[in-house]
Amino acid sequence: MSAATTTRSRTARTPAPDRLCAEAVDLARAAAEEAAAPGVVGEHVALVSEGDRVVTHYFESKEPGYRGWRWAVTVARASRAKNVTLDETVLLPGSDALLAPEWVPWSERLRPGDMGPGDLLPTEAEDPRLEPGWTGEDEPLPNSPVSEVSQELAALADAEDAELTTLPGTRRGSIASVADELGTRRARVLSRYGLRLAADRWDEEFGAKTPMAQAAPASCVTCAFLVPMAGSLKQAFGVCANEFAPADGRVVSLAYGCGGHSEAAVMPKPPKPTPHALDTMRVDDYSLRPAEDSGSVPDRADGSAEDLGHS
């Protein structure tokens, strides 16, 4: 390969810097100081050819908090022109620059316990953890027993002139109206995906694989302090009600356990003392003189005292 071929290949990849643009260091510095401030722009560290008659000058940044950053000033020259003009000025990070961490949306940064008093946590309209609480798909057929009960309740409410709260989209006697009266209707409920997320989270913190459960003498399913839950999760979870347990007031897996199990170490009742054979606590009454009818002495004396020689 000849020297001319090597020169042509190097020129096609990275053209040599234009001489006039490369010499315009003072113009580039003045532009950087105008964008930043005098004294913040440091020494000229490098220049890079961006194309034909386009050169970028790099200056060190002395601004606090921007260690490793560089001011990049791009200058250009028109064809057959001798004047170098300014293209753009920007502050760019270098190879050893301090960079802020990648921005993460708040919904992904939020962690349990971050909410405080007065904070609001909005949920998305299409949150996969939730689903409509009542869509009408579960409404029974008109000839089903459940539908007949609903109609009877509606007729009874009309007869007694009951005050019903009818929401938009519901009618008296429907399943939605009955649910409104019972106070059980909700706009959205947990979906299967939301239930699984909650179950995985609870099982990870208070499940069978935790060190506490591995060393427990028995599982929570046989503990008297376990409060059952309602819904489909009651088959695998409950609430601990032992104030001395590490999971007091928390949702625990039925396979979880701790040393506070109600039947793990039952203290025996203290033995009841045997009653004394002789009652030493009761006070007995003894008379100073024997009773007249006790039979130990006669009722009257045998003769007068003079017969006995007494004065």
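Trainee: Which strands do the buried residues of H7 pack against?
Mentor: Let's keep in mind that this is a predicted model. In H7, Gly194, Ala198 and Ala199 are buried. The buried residues of this helix pack against two strands, E6 (188-190) and E8 (237-240).

Trainee: Within what arc do the buried residues of H7 fall, seen down its axis?
Mentor: Start with who is buried: Gly194, Ala198 and Ala199. They line one face of the helix, because seen down the axis of H7 the buried residues fall within an arc of 135°.

Trainee: How far apart are the end C-alpha atoms of H7?
Mentor: Helix H7 has 14 residues, 192-205, and at 1.5 Å a residue it should span 20 Å. The model agrees with that expectation, as the end C-alpha atoms are apart by 20 Å.

Trainee: Which element gives the most to the lining of the largest pocket?
Mentor: That pocket has a volume of about 760 Å³, and 23 residues line it. Helix H4 (106-109) and H7 each give two or more residues to the lining. With 6 residues, the element that gives the most is H7.

Trainee: How many charged residues are in the lining of the largest cavity?
Mentor: The largest cavity holds about 110 Å³ of space. Of its 15 lining residues, those closest to the centre are Cys220, Cys223, Cys240, Ala245 and Cys258. By class, the lining has 11 nonpolar and 4 polar residues, and the number of charged ones is none.

Notes: Residues numbered from 1 in each chain as written. Predicted model: local features only at pLDDT ≥ 70, side-chain atom pairs only at ≥ 80, totals over all residues. Heavy atoms only, no water. Helix = DSSP H or I, 4+ residues; strand = E, 2+ residues; numbered from the N terminus. Expected span 1.5 Å × (residues − 1). Buried < 20%, exposed > 50% of the residue type's maximum accessible area, 1.4 Å probe, protein only. Arc of directions from axis to C-beta. Contact = heavy atoms within 4.5 Å. 1 Å grid on protein atoms, 1.4 Å probe; cavity = no way out; pocket = protein on both sides within 12 Å on 5 of 7 lines; lining within 4 Å. Points joined across faces, edges and corners; volume = space filled by probe spheres on them. Nonpolar A, V, L, I, M, F, W, Y, C, P; charged D, E, K, R; others polar.
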